[in-house]
Amino acid sequence: MKTTKQTTARKTNKVPTWDELREMFKETDKKIAETDRLIKEHSKIIFGISESNGLYAEDYFYNVFKEDPTLGKMHFDDVQRNRVFKGLQGENAEYDIVMLNDKNIAIIETKYRARDSDVDQVLDHAVSFRRWFPQYKKHKVYLGLASMNIRESTAAKARKRGIAVIRQRGGKLVYNDDNLIAF
């Protein structure tokens, strides 16, 4: 049942003219433009925080490995950060931490928060490193995933594939490197 107020409102509602509609759309367009500006601004802030977290994790793990260059029972003589390959056809590869000795190479991917997809990325490093750095073709390549935060299911997936899982807990590193596989 309609009230008198609703009936009166309908009678006084008139259809807006094209000029009135254009004015309403101009106002809506201004609001949308402001919303877009705010989204872009916040996206930059969020990306900056994410990038800072990633750099923090990389810095932390690099410093730890620089101080104690071991993985599993292997000692390494050289620890390098951000080892980069730039190909002539635009191919690029970057390895967060590379540790070397005369027989072995350890490639450590660092993440602030590791996800399942990162395990596949780490596995790809073994293939791409051999491709881009043939001078190490006789070296055994070992892989690691170092993360400030990693789900147990992701850690299990990495260990199952022969990748060392390195976590930060308090002031210490926790290693799960019992199942290391040479690639």
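Guide: The following conversation takes up the terms in turn.

Guide: This is a predicted model, in which local features need pLDDT of at least 70 and side-chain atom pairs count only at pLDDT 80 or more, while totals for chains, interfaces and linings use all residues. Residues are numbered from 1 along each chain as its sequence is written, and side-chain values use heavy atoms, with hydrogens and water left out.

Visitor: How many helices and strands does the chain have, and in what pattern do they follow along the sequence?

Guide: There are four helices and eight strands. Read along the sequence, they give the pattern α-α-β-β-β-β-β-α-β-α-β-β. Helices (H or I, at least four residues) and strands (E, at least two) are DSSP runs, numbered from the N terminus.

Visitor: Why is Asp118 called buried?

Guide: Buried means under 20% relative accessible area, exposed over 50%, and partly exposed in between, with a 1.4 Å probe and protein chains only. Asp118 has a relative accessible area of 8%, and therefore counts as buried. Asp118 belongs to helix H3, residues 116-132. Across the whole chain of 183 residues, 33% count as buried.

Visitor: Which residues does Asp118 touch, not counting those up to four places away in sequence?

Guide: They are Lys111, Arg113 and Leu145. To be in contact, residues must have heavy atoms within 4.5 Å. Among contacts in the chain between residues at least 6 apart in sequence, 55% join residues at least 24 apart.

Visitor: Why is Asp77 called exposed?

Guide: The relative accessible area of Asp77 is 63%, so the residue counts as exposed. Asp77 is placed in the loop between strand E2 (74-75) and E3. Leaving aside its neighbours within four places in sequence, Asp77 is in contact with Leu100, Asn101 and Asp102. Asp77 and Asn101 are 24 residues apart in sequence, and their C-alpha atoms are 5.2 Å apart in space.

Visitor: What makes Asn82 partly exposed?

Guide: Asn82 has 29% relative accessibility and therefore counts as partly exposed. Asn82 lies in strand E3, and has a positive phi of about 55° although it is not a glycine.

Visitor: How do you know that E3 and E4 pair?

Guide: Two strands pair if DSSP finds at least two bridges between them. Eight bridges join E3 (residues 78-86) to E4, and the two run antiparallel. Asp78, for example, stands opposite Leu100 in E4. Strand E4 (residues 92-100) is mostly covered, with seven of its nine residues buried.

Visitor: What joins E4 to E5, and how many bridges are there between them?

Guide: A hairpin leads from E4 to E5 through three residues. Four bridges join E4 to strand E5 (residues 104-114), and these strands run antiparallel. In this pairing Val98 stands opposite Ile107 in E5.

Visitor: In which sense do E5 and E6 pair, parallel or antiparallel?

Guide: They pair in the parallel sense, over ten bridges. Thr110 has Ala146 in E6 as its bridge partner.

Visitor: Why is Thr110 said to be buried?

Guide: Thr110 has a relative accessibility of 6%, and so it counts as buried. This residue is in strand E5. Not counting residues up to four places away in sequence, Thr110 touches Glu58, Phe61, Asp96, Ile97 and Ala146.

Visitor: What makes strand E6 largely enclosed by the rest of the structure?

Guide: Nine of the eleven residues of E6 (residues 140-150) are buried, and therefore the strand is largely enclosed.

Visitor: Why are H3 and H4 called roughly parallel?

Guide: Axes are lines fitted to C-alpha atoms, for helices over the stretch in contact, and angles run from 0 to 180 degrees between N-to-C directions. Angles under 35 degrees count as roughly parallel, over 145 as roughly antiparallel, 65 to 115 as roughly perpendicular and the rest as oblique. H3 and helix H4 (residues 152-160) pack at an angle of about 20°, with their axes 9 Å apart. The two helices are therefore roughly parallel to each other.

Visitor: Which residues of H3 and H4 meet?

Guide: Asp116, Val119 and Asp120 in H3 meet Ser153, Thr154, Lys157 and Ala158 in H4. The residues of this contact divide into two nonpolar, two polar and three charged. Here Ala, Val, Leu, Ile, Met, Phe, Trp, Tyr, Cys and Pro count as nonpolar, Asp, Glu, Lys and Arg as charged, and the others, Gly among them, as polar.
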